Amino acid sequence: PPGWTGFDPAIVRNTLDAWHARATIEWGGPAITACDWLPEGHTNQTYGKMLGWDLVATLRSGDHARAVAMLDFLEQVNTAPLYAEIFDWLPAERKWKLRDAGNGEQAAWLTWAMLVARREAGLSNTGFSGKGTHS
């Protein structure tokens, strides 16, 4: 509708800052945030779609270091050939457990996030040949 501007960027930034401050999973690697948190604590689990949403919101709010940390997390932790739905940090075992790799909903949200990230970084999203290479 005319005049609609969406969320106030300051409110989004404040919400992200509060979430990241209270729900970051301490594991000794790049910063990653739990999906579920309350004032008294958080889980050690994040979802693939949440990573996509967080990546876009973080980029749009200008926190590029956090966005890079999320990409580093994915590179280090998503070692399965397909994108995971759930990333569980198991502190007693000091390892991540990936669940439901190849979940279409999660992969779709990550694909959307990567397309947004590329566009906002000034990179082209065109030129994919479908033959395993792209320009």
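1. In this predicted model, the largest pocket has a volume of about 450 Å³. Of the 17 residues that line the largest pocket, those closest to its centre are Phe 7, Val 12, Leu 16, Trp 53 and Ala 57.

2. As for where this lining comes from, the elements that contribute two or more residues to the largest pocket are α1 and α2, and α1 gives the most, with seven residues. By residue class, the lining of the largest pocket divides into eleven nonpolar, two polar and four charged residues.

3. The largest nonpolar core has 25 residues, and those with the most contacts inside this core are Trp 27, Ile 32, Phe 73, Phe 87 and Trp 96. At least two residues of this core are supplied by each of α1 (9-23), α2, α3 (64-77), β4 (86-90) and α4 (104-120), while α3 gives the most to the core, with five residues.

4. Phe 73 deserves a separate look. When residues up to four places away in sequence are not counted, Phe 73 touches Trp 27, Pro 30, Ile 32, Leu 51, Asn 78, Phe 87 and Trp 96; Trp 27, Ile 32, Phe 87 and Trp 96 are, with Phe 73 itself, the residues named as having the most contacts inside the largest nonpolar core.

5. Leaving aside its neighbours within four places in sequence, Met 50 is in contact with Trp 19 and Cys 35. The C-alpha atoms of Met 50 and Ile 86 are separated by 9.6 Å, and these two residues are 36 residues apart along the chain.

Methods. Residues numbered from 1 in each chain as written. Predicted model: local features only at pLDDT ≥ 70, side-chain atom pairs only at ≥ 80, totals over all residues. Heavy atoms only, no water. Contact = heavy atoms within 4.5 Å. Core = buried A, V, L, I, M, F, W, Y, C linked by side-chain atoms within 4.5 Å. Buried < 20%, exposed > 50% of the residue type's maximum accessible area, 1.4 Å probe, protein only. Helix = DSSP H or I, 4+ residues; strand = E, 2+ residues; numbered from the N terminus. 1 Å grid on protein atoms, 1.4 Å probe; cavity = no way out; pocket = protein on both sides within 12 Å on 5 of 7 lines; lining within 4 Å. Points joined across faces, edges and corners; volume = space filled by probe spheres on them. Nonpolar A, V, L, I, M, F, W, Y, C, P; charged D, E, K, R; others polar.
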